[in-house]
Amino acid sequence: MAVGSGRGALIILEGLDRSGKTTQCKKLLESLRSHQHKVKLIKFPDRTTETGKMIDSYLKQNMKIDDRAIHLLFSANRWEKRLEMLKDLEQGITLIVDRYAFSGVAFSSAKKGLELEWCKCPDRGLPKPDLVIFLNVSSSDAASRGGYGEERYENTEFQKTVANNFKRMWDEWKVIDAGGSIDDVHQTILNYVKSTMQSVDDKPIGELWI
Ligand code: 2DT
């Protein structure tokens, strides 16, 4: 595959906490870089921006925020990166994204009274992924991988509901069994990513949920 031809691909990795998603994102970045691809890793929530600092405080349980208000903040945290993402993609840079709007929907709609469809609305129109990879691991396996920390949402009951919500969206995703070895999972991801990078070429970047 020619390095640097066409636009970059927008690749999303989603999964439950402890699914190995962050490790796989890093391995993917290293692997593509070692083959001279232009690639960047970004992560949502981006805790460094002003909205990100509020989200960080909320997740660390230092601040209470209304369920719908925090949902909108997570979404705003993505919108503020939109132009930068589009610019990178147009310049041929492939973006590996650790969590995206799907986490936003799966986590928020696990809360009482927040409908999945309502949760999707604020992210409508964001850059549409060319590939969504979901690292599938049972919530009990996820909990046994090193245990949960102190952050909000890090408990088995909540994660089970989140897992069910992800399943309601995963029809068009590549769902990978994250129970395999780190290297096997990496190889599977890499194969999907390479074929997506080849296929995007100069296809216009879509808009999410439109
Ligand atoms: P990390 O552990 O990956 O930093 O995630 N979350 C994430 C939401 O509730 N809504 C969102 O839009 C996103 C992107 C998932 C921190 C937690 O934040 C949750 C876990």
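**Figure 1. The chain end after helix α9.** Trp-209 is found in the segment that follows α9 (182-200), in a model that is predicted. The phi angle of Trp-209 is positive, at about 60 degrees, although this residue is not a glycine. With 14 other C-beta atoms within 10 Å, Trp-209 is partly exposed.

**Figure 2. The loop that holds Gln-61.** Gln-61 lies in the loop between α2 and α3 (67-79), and its phi, near 65 degrees, is a positive value in a residue other than glycine. Around Gln-61 there are 10 other C-beta atoms within 10 Å, and this residue is exposed.

**Figure 3. The cis peptide bond between Phe-44 and Pro-45.** Phe-44 and Pro-45 are joined by a cis peptide bond, for which omega is about 0 degrees. Pro-45 belongs to the loop that runs between β2 (39-43) and α2 (50-59), and both Phe-44 and Pro-45 are among the residues that surround the ligand.

**Figure 4. The shell around the ligand.** Besides Phe-44 and Pro-45, the residues surrounding the ligand include Leu-59, Phe-74, Arg-99, Ser-103, Gly-104, Phe-107, Ser-108 and Tyr-153. Helix α5 (residues 101-108) gives the largest share of this shell, namely four residues. When the shell is sorted by class, six of its residues are nonpolar, three are polar and one is charged.

Figure 5. In α8, the residues Gln-159, Val-162, Asn-165 and Phe-166 are buried. Thr-156 and Glu-157, which are exposed, are carried by the face of α8 that is turned away from its buried side.

**Figure 6. The chain as the setting for the close-ups.** The chain contains nine helices and five strands, and from the N terminus on its elements run β-α-β-α-α-α-β-α-α-β-α-α-β-α. The radius of gyration of the chain is 17 Å, close to the 17 Å that the globule rule gives for 210 residues, and the chain is therefore as compact as a globular protein of that length. Taken along the principal axes, the C-alpha atoms fill a box of roughly 50 × 35 × 30 Å, and 36% of the 210 residues count as buried. Among the contacts in the chain with a separation of 6 or more, 81% are accounted for by residues 24 or more positions apart.

Definitions and conventions
Residues numbered from 1 in each chain as written. Predicted model: local features only at pLDDT ≥ 70, side-chain atom pairs only at ≥ 80, totals over all residues. Near = placed C-beta within 6 Å. Helix = DSSP H or I, 4+ residues; strand = E, 2+ residues; numbered from the N terminus. Nonpolar A, V, L, I, M, F, W, Y, C, P; charged D, E, K, R; others polar. Buried ≥ 20, exposed ≤ 12 C-beta atoms within 10 Å, placed from the backbone. Rg over C-alpha atoms; globule rule 2.2 N^0.38 Å. Contact = placed C-beta atoms within 7 Å.
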